[in-house]
Amino acid sequence: TISTTVGQAIQTAFFFLLPQILLSGMIFPLEAIPWGVRWISYLLPLTYFTQISQGVMLRGAGLDSLWLPMLALTIMAVVVFTGAVLRFRRSLAPGTGSGRRHAHQKVSA
């Protein structure tokens with residue numbers, strides 16, 4: 001909802017994905033990241049997905065040991081989804097002053 005072209009969407013995706021990959025513990029362990037930067041890792045959803053993936057695939061961990069990363073990921077998903085729905089709904093609302101014509105509006109000639 002923040003991009004107007006495909007090129008902007010791709011650049012925005014790289015802007016968000018590259019730091020997540022580097023700070024999530026996927027490539028470098030979280031313990032190796034200095035604390036001044038590590039706190040950012042705990043704000044990224046990929047960190048918790050990596051913890052869940054490693055727990056399931058490498059250790060065979062059950063739900064009892066993975067509930068905290070799953071809870072964090074669920075909360076993040078709800079927050080992001082709610083924000084996206086509200087932003088998308090606002091961009092579709094008639095009379096928002098965005099200058100875009102909607103399908104239900106008549107064009108006067």
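The questions and answers below explain how the terms applied to this predicted model follow from its values.

Residues are numbered from 1 along each chain as its sequence is written. In this predicted model, local features need pLDDT of at least 70 and side-chain atom pairs count only at pLDDT 80 or more, totals for chains, interfaces and linings use all residues, and side-chain values use heavy atoms, with hydrogens and water left out.

Q: What makes up the protein, in helices and strands?
A: The protein has 4 helices and 0 strands. Helices (H or I, at least four residues) and strands (E, at least two) are DSSP runs, numbered from the N terminus. From that end on, the elements run α-α-α-α.

Q: How do you know that the reach of helix α1 is close to the expected one?
A: The expected span of a helix is 1.5 Å times one less than its number of residues. Helix α1 (residues 6–23) has 18 residues, and the distance from its first C-alpha to its last is 26 Å, close to the 26 Å expected. After α1 comes G25, whose phi is positive, near 90°.

Q: Why is S24 called buried?
A: Buried means under 20% relative accessible area, exposed over 50%, and partly exposed in between (1.4 Å probe, protein chains only). The relative accessible area of S24 is 2%, so S24 is buried. This residue lies in the loop between α1 and α2 (35–41).

Q: What makes L30, L46, T47 and T50 contacts of S24?
A: Contact means heavy atoms within 4.5 Å. S24 touches L30, L46, T47 and T50, not counting residues up to four places away in sequence. S24 and T50 are 26 residues apart along the chain, and their C-alpha atoms are separated by 7.0 Å.

Q: How do you know that the distance between the side chain of S24 and the backbone nitrogen of M26 is within the limit for a polar contact?
A: A polar contact is a pair of N or O atoms within 3.5 Å; within protein, one must be able to donate a hydrogen and the other to accept it, and residues adjacent in sequence count only if both atoms are side-chain atoms. The backbone nitrogen of M26 lies 3.3 Å from a polar atom of the side chain of S24. Likewise, the backbone nitrogen of Q8 lies 3.2 Å from a polar atom of the side chain of T5.

Q: Why is T5 called partly exposed?
A: T5 has a relative accessibility of 43%, so T5 counts as partly exposed. T5 is found in the segment before α1.

Q: What makes the aromatic pair of F15 and F16 edge-to-face?
A: Rings of Phe, Tyr and Trp (its six-membered ring) pair if their centres lie within 6.5 Å; planes under 30 degrees apart count as stacked, over 60 as edge-to-face and the rest as tilted. The structure holds 1 aromatic pair. The ring centres of F15 and F16 are 5.4 Å apart and the planes stand at 80°, so the pair is edge-to-face.

Q: Why do S41 and S53 count as buried?
A: S41, in helix α2, has 0% relative accessibility and therefore counts as buried. S53, in helix α3 (residues 45–57), has 16% relative accessibility and therefore counts as buried. S41 touches L23, L30, I33 and T47, not counting residues up to four places away in sequence.

Q: What is the bend of helix α4, and where does it lie?
A: The bend at a residue is the angle between axes fitted to the seven residues ending there and the seven starting there. Helix α4 (residues 63–92) bends by about 35° at P69. In α4, L66, P69, A72 and M76 are buried, and what covers the buried residues of α4 includes α3.
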